[in-house]
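Dear colleague,

Please find below the structure that I am handing over to you. My findings follow it, arranged by topic.

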Amino acid sequence: MTVFLHCDVDKMFYAVEALERPDLASDTRAVIIGSDPRVAPRGIVTTANAVARSVGISSGLSTAIALRMAIQHGLETVFIPPRHHLYAQYSRRLMDLLGTESLALEQRSIDEAALDWTQHGFAVEPVSRLRQRILDEIGLSVSFGLAANLLVAKMASEVAKAEPSHVYAVQPGDEAAFLAPLPIRALVGVGPKSEARLRTFGITSIGDLADRPLPWLVDLFGGAYGRYLQRASRGQDDSKLNAAPASRSISSEHTFAHDTVDRAEIWRMLQAQAREVTDRLREDGVVAGEVAIKVRYGVSFETITRQQRLVSPTADPAVLAAGAAALMRRAWTRRPIRLIGLRAARLEAPSPAEQLPLLPA
């Protein structure tokens with residue numbers, strides 16, 4: 001039996017902004033990721049912090065309406081224009097990391113992915129370890145749903161957002177019972193119009209829908225959608241993972257005990273990180289075609305990343321360290337550094353002329 005794991009980043013755009021601007025985490029204002037309606041009146045809310053959500057401001061809402069709602073509740077509001085290039089960078093890092101943990105992965109959106117998790121079964125512990133790794137290496141909070149099919153795994157990831165562990169597993173055979181108490185709007189594929197129509201017949205939960213006979217659903221919604229609603233409401237789904245080869249990477253990060261501008265200390269850390277990364281490259285039997293650095297400054301918490309292609313793929317720590325040092329010379333503005341990272345990407349099997357030794361030289 002195939003086991004699926006669905007990953008959903010919790011409030012991704014806001015989470016990324018909070019990582020780049022740590023002061024947002026404790027901001028008592030209504031923080032909305034979206035264009036300020038006083039400048040761009042036709043914008044929409046992409047996400048918002050807990051303060052804004054507490055008064056009903058949510059994703060997809062007009063920013064103009066969101067502003068009026070905040071004012072009505074006496075909230076000071078700040079709008080942050082979306083930085084989609086930045087969110088894409090974090091998304092790539094997440095997908096790369098997930099790709100190291102799964103037999104196959106399908107990216108479903110910038111903040112969602114489905115994984116083949118068969119090798120781990122339905123145990124929660126491996127999922128919790130993966131979630132902690134994502135927190136440690138990227139800083140994003142994610143929620144995971146485990147199930148025997150993709151539909152239920154996705155819905156379990158939504159339920160997981162309210163769980164302290166952010167992990168929810170639906171055991172085989174429990175799919176219908178898991179779905180039954182959920183509101184009808186929660187079912188994937190049920191939009192506002194379908195919900196309104198179903199409610200006129202007293203159908204408010206997924207369990208109510210599952211009890212309706214197929215001919216009734218087909219008569220109401222047509223053959224294809226009617227059949228889908230019956231199967232989905234009963235937790236039945238035979239869709240397959242559309243997995244593309246994962247673009248993996250291997251990285252190492254270090255937070256200094258004190259912010260530093262010491263070139264020698266930074267160089268020693270890059271060398272140590274290059275050795276750590278190449279040890280893992282050798283363990284996996286791959287070479288890297290790209291090296292990247294990550295630098296987080298101490299006062300502003302501004303984070304920059306830079307990358308460059310290598311002349312030829314390698315698992316040589318000296319080459320990776322030299323490439324990282326060259327990137328540092330071009331990018332570093334001599335401000336005190338809080339965190340530094342080195343990443344090897346564009347991984348591939350070595351050519352016959354590049355075969356790796358079994359042990360590091």
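**Overall architecture**

Of the 361 residues in the protein chain, 47% are buried. Please bear in mind that this is a predicted model. The chain contains 13 helices and twelve strands. Along the principal axes, its C-alpha atoms fill a box of roughly 70 × 55 × 30 Å. Among contacts in the chain with a separation of 6 or more, 65% are between residues 24 or more positions apart.

**Nonpolar cores**

The largest nonpolar core comprises 37 residues, and those with the most contacts inside it are Leu98, Ile134, Leu140 and Phe144. Two or more residues come to this core from each of the strands S1 (4-9), S2 (30-33), S4 (77-80), S6 (112-116) and S7 (142-147), and from each of the helices H1 (12-20), H4 (84-99) and H5 (124-137). Leaving aside residues up to four places away in sequence, Leu140 touches Val9, Ala15, Val16, Leu19, Tyr90, Ile134 and Leu135. As general background, nonpolar side chains tend to be buried together in soluble globular proteins.

**Helix packing**

Two helix pairs deserve a description. H1 and H4 pack with their axes 10 Å apart and at an angle of about 95°. The two helices are therefore roughly perpendicular to each other, a term that covers angles of 65 to 115 degrees. On the H1 side the contact is made by Met12, Phe13, Val16, Glu17, Leu19 and Glu20, and on the H4 side by His84, Leu86, Tyr87, Tyr90 and Ser91. By class, these residues divide into seven nonpolar, two polar and two charged.

The second pair consists of H10 (residues 214-221) and H11 (residues 223-233), which pack at an angle of about 135° with their axes 7 Å apart. That angle makes H10 oblique to H11. The crossing of H10 past H11 is right-handed. In this contact, Leu214, Leu217, Val218 and Phe221 of H10 meet Gly223, Tyr225, Gly226, Arg227, Leu229 and Gln230 of H11. The contact of H10 with H11 has six nonpolar residues, three polar residues and one charged residue.

**Residues with positive phi**

Which value does phi take at Lys11? Although Lys11 is not a glycine, its phi is positive, at about 45°. Lys11 lies in the loop between S1 and H1. With a relative accessible area of 34%, Lys11 is partly exposed.

His166, another residue other than glycine, also has a positive phi, near 60°. The position of His166 is in the loop between helix H6 (150-160) and strand S8 (167-169). Is His166 buried or exposed? His166 is buried, with a relative accessible area of 16%, which falls under the 20% cut-off for that class.

**Gly323**

Gly323 is placed in helix H13 (residues 317-331). Its relative accessible area is 6%, so Gly323 counts as buried. Apart from residues up to four places away in sequence, Gly323 touches Val291 and Gln308. The C-alpha atoms of Gly323 and Gln307 are separated by 9.0 Å, and the two residues are 16 residues apart along the chain.

With kind regards

Notes
Residues numbered from 1 in each chain as written. Predicted model: local features only at pLDDT ≥ 70, side-chain atom pairs only at ≥ 80, totals over all residues. Heavy atoms only, no water. Axes fitted to C-alpha atoms, helices over the stretch in contact; angles between N-to-C directions. Helix = DSSP H or I, 4+ residues; strand = E, 2+ residues; numbered from the N terminus. Parallel < 35°, antiparallel > 145°, perpendicular 65-115°, else oblique. Left-handed = near helix turned anticlockwise from the far one by under 90°. Contact = heavy atoms within 4.5 Å. Nonpolar A, V, L, I, M, F, W, Y, C, P; charged D, E, K, R; others polar. Core = buried A, V, L, I, M, F, W, Y, C linked by side-chain atoms within 4.5 Å. Buried < 20%, exposed > 50% of the residue type's maximum accessible area, 1.4 Å probe, protein only.
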